[in-house]
Amino acid sequence: MPFPIHRYRRLRQSPGILRMVRETQLSADDLIYPMFVCEGRGVRQEIGSMPDVFRLSIDNLVKEARECQALGIPAVILFGIPDKKDARGSEAYNPGGIVQRAVREIKNAAPDLVTITDVCIDEYTDHGHCGLVEGGRILNDATLELLSKMALTHAEAGADIVAPSDMMDGRVQAIRRALDGSSFTDTIIMAYSAKYASAFYGPFREAADSAPKFGDRRSYQMDPANGDEGVREALQDVEEGADIVMVKPALAYLDIIRRVRDSVNVPVAAYNVSGEYSMIKAAGEKGWIDTERAMMEALLSVKRAGASMILTYFAKEAARVLRR
Ligand code: PBG
């Protein structure tokens with residue numbers, strides 16, 4: 001065979017050429033910053049397994065939300081850490097609950113910052129499951145009513161987007177009906193559609209104190225072995241009214257992101273979850289990898305796979321790198 005006519009290195013010879021042929025661009029516009037909000041004042045408590053991520057009381061949360069906005073990040077997603085938990089997760093749908101108050105304060109201080117709320121009762125239940133429990137089983141249909149109530153209180157507080165992460169069947173339709181029934185026809189639903197039962201949620205569960213007290217989440221979250229099913233979940237959520245579908249986690253599921261991207265006609269979000277963040281941070285702290293380069297490469301890969309938005313604890317750090 002003669003020497004090949006194509007020399008791919010021709011298009012790699014200078015920074016200018018590289019810029020011209022680059023297929024994927026990461027921008028601060030793609031990023032969504034997850035935040036943990038707790039009771040109290042002046043609270044800023046670092047999460048042990050997530051360096052540089054904090055549990056914040058509302059006053060500090062608002063400051064950090066403003067900081068996100070200044071960095072060009074368009075949206076934040078809020079997770080509540082209530083003082084009280086019970087079997088039915090009552091604080092989750094209390095109109096005066098921690099997330100509901102936090103949304104009001106953020107929308108007051110930074111009306112243009114898109115505010116997303118996680119809709120799931122696991123942080124609010126004493127058993128730590130995402131649904132009502134009866135005789136050791138997680139009830140599906142009875143949980144839908146609580147999720148709908150929860151989403152409605154978030155919309156009433158001013159949330160722009162509600163994001164159900166519970167994985168109960170039929171929740172997108174139930175939430176859409178509840179919102180429309182109370183004139184919140186413009187509240188957007190971002191569904192955690194293909195959410196896998198993953199070990200990579202470990203640090204989040206420390207942060208939110210939401211680990212299940214018995215059993216695991218495998219009867220509602222997806223089996224990591226299943227790709228076709230992830231596509232089915234996303235298609236079904238679009239049919240039920242989801243405006244945006246999500247794949248979660250991101251890095252171990254890049255194939256699912258691509259397949260969902262090619263199957264639906266709505267924007268796809270991907271959640272670069274806590275364990276994915278902590279691994280890069282931990283290896284970086286040990287001096288084993290270059291944290292900044294690994295972060296940017298990981299986020300770029302999620303974008304390249306087909307996500308048009310990325311929920312990531314790296315959002316602020318990445319936005320700072322992107323501005324240089
Ligand atoms: C459930 C929820 C979880 C995460 C987001 N929403 C945890 C779980 O399913 O146990 C995980 C996010 C992360 O790991 O960063 N409310």
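A salt bridge is a side-chain nitrogen of Lys or Arg within 4 Å of a carboxyl oxygen of Asp or Glu. All views show a predicted model.

**Figure 1. A network of salt bridges links five named residues: Arg44, Glu64, Glu67, Lys316 and Arg320.** By the rule above, the count of salt bridges comes to 19. Side chains of opposite charge can pair when their charged atoms come close.

**Figure 2. Asp30 and Lys303 meet in a salt bridge through their side chains.** The N to O distance is 3.1 Å. Asp30 lies in the loop between H1 and strand S1 (31–38) and Lys303 in helix H10, so the pair ties together parts that are 273 residues apart in sequence. With a relative accessible area of 8%, Asp30 is buried.

**Figure 3. Arg101 forms a salt bridge with Glu39.** The closest N and O atoms of this pair are 2.6 Å apart. Because Arg101 belongs to helix H3 (residues 98–109) and Glu39 to the loop between S1 and strand S2 (44–47), the contact ties together parts 62 residues apart in sequence. Arg101 is partly exposed, at 31% relative accessible area, and Glu39 is also partly exposed, at 25%.

**Figure 4. Arg324 forms a salt bridge with Glu292.** Their closest N and O atoms are 2.4 Å apart. The pair links distant parts of the chain, with Arg324 in the segment after helix H11 (315–323) and Glu292 in helix H10, 32 residues apart. Arg324 is exposed, with a relative accessible area of 70%, whereas Glu292 is partly exposed, with 33%.

**Figure 5. The largest pocket holds about 390 Å³ of space.** It is lined by 13 residues, of which Arg22, Thr24, Met296, Glu297 and Leu300 are the closest to the pocket centre. Helix H10 (residues 291–305) gives the most to this lining, with seven residues. By class, the lining has six charged, four nonpolar and three polar residues.

**Figure 6. The second largest pocket holds about 210 Å³ of space.** Among the residues that line this pocket are Arg137, Asn140, Asp169, Tyr220, Glu229 and Glu233. Strand S7 (137–139) and helix H7 (228–240) are the elements that give two or more residues to the lining. The lining divides into five nonpolar, four charged and three polar residues.

**Figure 7. Leu11, Met20 and Val21 make a nonpolar surface patch.** The patch covers about 320 Å². Met20 is found in helix H1 (residues 15–21). Met20 counts as exposed because its relative accessibility is 68%, and the cut-off for exposed is over 50%.

Conventions. Residues numbered from 1 in each chain as written. Predicted model: local features only at pLDDT ≥ 70, side-chain atom pairs only at ≥ 80, totals over all residues. Heavy atoms only, no water. Patch = residues over 30% accessible without salt bridge, like charges linked within 9 Å, V, L, I, M, F, W, Y side chains within 5 Å. Areas by Shrake-Rupley, 256 points an atom, 1.4 Å probe, with all protein chains shown as cover. Helix = DSSP H or I, 4+ residues; strand = E, 2+ residues; numbered from the N terminus. Buried < 20%, exposed > 50% of the residue type's maximum accessible area, 1.4 Å probe, protein only. 1 Å grid on protein atoms, 1.4 Å probe; cavity = no way out; pocket = protein on both sides within 12 Å on 5 of 7 lines; lining within 4 Å. Points joined across faces, edges and corners; volume = space filled by probe spheres on them. Nonpolar A, V, L, I, M, F, W, Y, C, P; charged D, E, K, R; others polar.
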